[in-house]
Amino acid sequence: MPNIQRLQNLSGQAHIVGVGESNKLGKVPEKSPLAHHSEAAINALDDASMQLSDVDALFTAGWSTLDVAEYLGIQPRYTDSTSVGGSSFVIHVAHALAAIAAGYCEVALITHGQSGRSDRAPMARNPGTPMAQFEAPYGIIGPPVSYAMAARRYMHEYGEDRTRQAMAEIAISTRKWANLNPMAYFHDVPATFDDYHNSRWVAWPFHLLDCCLVTDAGAAIVITTPERARNAKNGSVKILGAGEGHDHSGISQMPDLTRAFGRNTGPQALEMAGVTYSDIDLAMIYDSFTYTVLVSLENLGFCGPGEGPDLVASQRTAPGGEFPLNTNGGGLSYTHPGMYGIFTLVEAARQLRGQAGERQLDNCNLAVAHGTGGLLSSTGTVVLGVE
Amino acid sequence: MTNATPKPQPLPQPESDRYWDGLKNEEIWLQRSKATGKFQFYPRQVSISDPESGPDGIEWVQASGNAELFTFSIVHAAPHIGFVGDVPYIAALVQLEEDVIVPTNIVGIDPEPENLRIGMALQPVFEHNDDGHTLLKFTSA
């Protein structure tokens with residue numbers, strides 16, 4: 001079991017000093033996935049007043065660090081290709097914290113790039129996995145079907161109408177945030193509750209507006225020691241708490257369809273950080289689907305099981321609401337190349353550093369970034385803060 | 001039945017051959033731990049409820065086929081080119097009487113949410129494909 005006392009000593013021993021996206025997000029057929037890695041890396045390093053030659057640790061998912069390092073022309077002394085779905089990048093933050101504190105490296109670069117929209121270099125699937133053997137022959141393939149079955153079970157346990165309303169609230173409030181983010185795919189496209197309910201079925205109970213975008217995009221994060229963080233021109237964000245783990249791969253093996261691994265990673269990350277949910281100013285929750293947000297908030301402990309619909313009711317999570325959630329516009333309305341987790345961190349860092357433009361929150365000092373990967377399989381949670 | 005476009009087919013492994021061979025004979029064979037009495041799906045080298053006993057800790061038992069609907073989705077956007085001609089279809093997780101969850105399809109029911117009730121009783125349908133595989137699907141009992 002995690003040793004909370006030792007983790008508490010680790011809290012704050014590394015800082016995020018740079019974040020960045022690739023130059024253009026959305027439909028970018030003219031760029032390869034590795035070009036998105038590269039652009040985002042350079043942008044994040046520039047944000048940190050650093051260069052590629054400063055980097056001595058590389059983290060990525062979906063690709064091997066071998067390929068990304070070679071493409072970038074760097075020779076890392078610490079390498080981590082942990083790839084457990086879209087949560088991986090949140091997990092990389094925890095790994096970078098531990099590696100920096102232990103002395104393995106001083107400047108960690110986490111990169112992501114994927115051309116989900118233009119389908120350049122699609123990821124191969126291993127036909128030998130149990131998921132491929134027992135689920136795929138029945139058309140249980142990919143996230144929408146699996147998450148939809150989990151959502152239907154949630155509806156059975158907590159009420160269909162209540163769940164439907166909560167999913168609609170999340171879709172619409174997230175779109176309102178995207179309307180404030182110039183980088184968002186749907187920046188100029190408002191959406192109403194009628195739009196939600198009238199959008200086509202993808203996998204019932206999911207409408208199209210329950211589902212994240214599929215885009216071409218990249219992002220990167222730079223993490224360093226507290227000492228070097230003092231030189232960061234745009235300020236730094238402390239990594240205060242972290243948790244990671246997984247409890248299944250295929251959806252049919254999930255121990256409880258309404259309780260994902262955030263039930264463990266959320267409480268651990270908060271305890272390590274020495275904070276409680278009422279202290280949190282911003283929740284950045286991976287929204288592969290509206291349902292993912294609903295169930296994650298409950299699993300993390302922002303509210304109890306079945307209480308998520310109250311937490312997101314009446315546009316409480318929209319701009320100006322009491323509970324700011326996914327202020328970049330999320331995977332639903334900003335960008336989602338396939339493994340979105342890194343973007344939760346980019347936005348959390350921007351809000352904490354006061355760089356979020358029109359959507360900037362007042363008094364944002366403490367944020368939770370939470371990634372969910374695979375088929376509700378893995379989660380990574382980090383708590384980030386500024387003085 | 002003939003597939004117009006190729007669907008992903010199961011790639012049986014040594015520990016699952018008995019399961020897939022059983023379906024060809026319209027029988028459902030499951031692994032059970034001798035020590036704990038717990039069934040497991042899918043087949044593995046050892047029981048996850050008693051891994052210490054190793055492969056000898058497992059016995060194969062024929063399941064009754066009695067099942068209940070645990071959850072489902074009605075798939076409208078085909079997630080693979082092989083399913084384009086099948087949409088809308090019902091993807092489901094089914095709970096067998098032996099207390100294991102099995103991924104499957106519900107067939108013989110018009111794919112509308114109101115026709116499906118979680119907990120409804122189901123019975124197996126063995127679908128023999130031209131390529132030699134048999135899939136285990138379910139319909140209302």
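Let me begin with chain B, where, among contacts between residues at least 6 apart in sequence, 52% join residues at least 24 apart. Please keep in mind throughout that what we are looking at is a predicted model.

Staying with chain B, you can count one helix and eight strands, and if you follow the chain from the N terminus, the order of these elements is α-β-β-β-β-β-β-β-β. What radius of gyration does chain B have, and what would we expect of a compact globule with 141 residues? The expectation is near 14 Å and chain B has 16 Å, which agrees. Along the principal axes, the C-alpha atoms of this chain fill a box of roughly 45 × 30 × 25 Å, and 30% of the 141 residues count as buried.

Now let me turn to chain A and to one element in it, helix α2, which covers residues 33-47. Is α2(A) mostly covered or mostly open? The helix is mostly covered, since eleven of its 15 residues are buried, among them P33(A), L34(A), H36(A), H37(A) and, towards the other end, L45(A) and D47(A). As for what lies against them, the buried residues of α2(A) pack against β1 (15-21), α3 (65-72), β4 (107-115) and β7 (216-224), which belong to chain A as well. After the helix comes S49(A), whose phi is positive, near 55°.

Finally, let us look at where the two chains meet. The contact takes 27 residues from chain A and 29 residues from chain B. On the side of chain A that touches chain B, at least two residues each come from α5 (130-134), α6 (143-158) and β5 (201-204), and α6(A) gives the most, with seven residues.

Which strand of chain B is joined to β5(A), and how do the two run? The partner is strand β4 of chain B, residues 67-75, which is joined to β5(A) by two bridges, and the two strands run antiparallel. To find one of these places in the structure, look for W204(A), whose bridge partner in β4(B) is I74(B).

Conventions. Residues are numbered from 1 along each chain as its sequence is written. Chains are lettered from A and ligands numbered from 1 in the order in which they are written. This is a predicted model: local features need pLDDT of at least 70, side-chain atom pairs count only at pLDDT 80 or more; totals for chains, interfaces and linings use all residues. Helices (H or I, at least four residues) and strands (E, at least two) are DSSP runs, numbered from the N terminus. The radius of gyration is taken over C-alpha atoms; the globule rule is 2.2 Å times the number of residues to the power 0.38. A residue is buried if 20 or more other C-beta atoms lie within 10 Å of its own, exposed if 12 or fewer, and partly exposed in between; C-beta atoms are placed from the backbone. Two residues are in contact if their C-beta atoms, placed from the backbone, lie within 7 Å. The expected span of a helix is 1.5 Å times one less than its number of residues. Two strands pair if DSSP finds at least two bridges between them.
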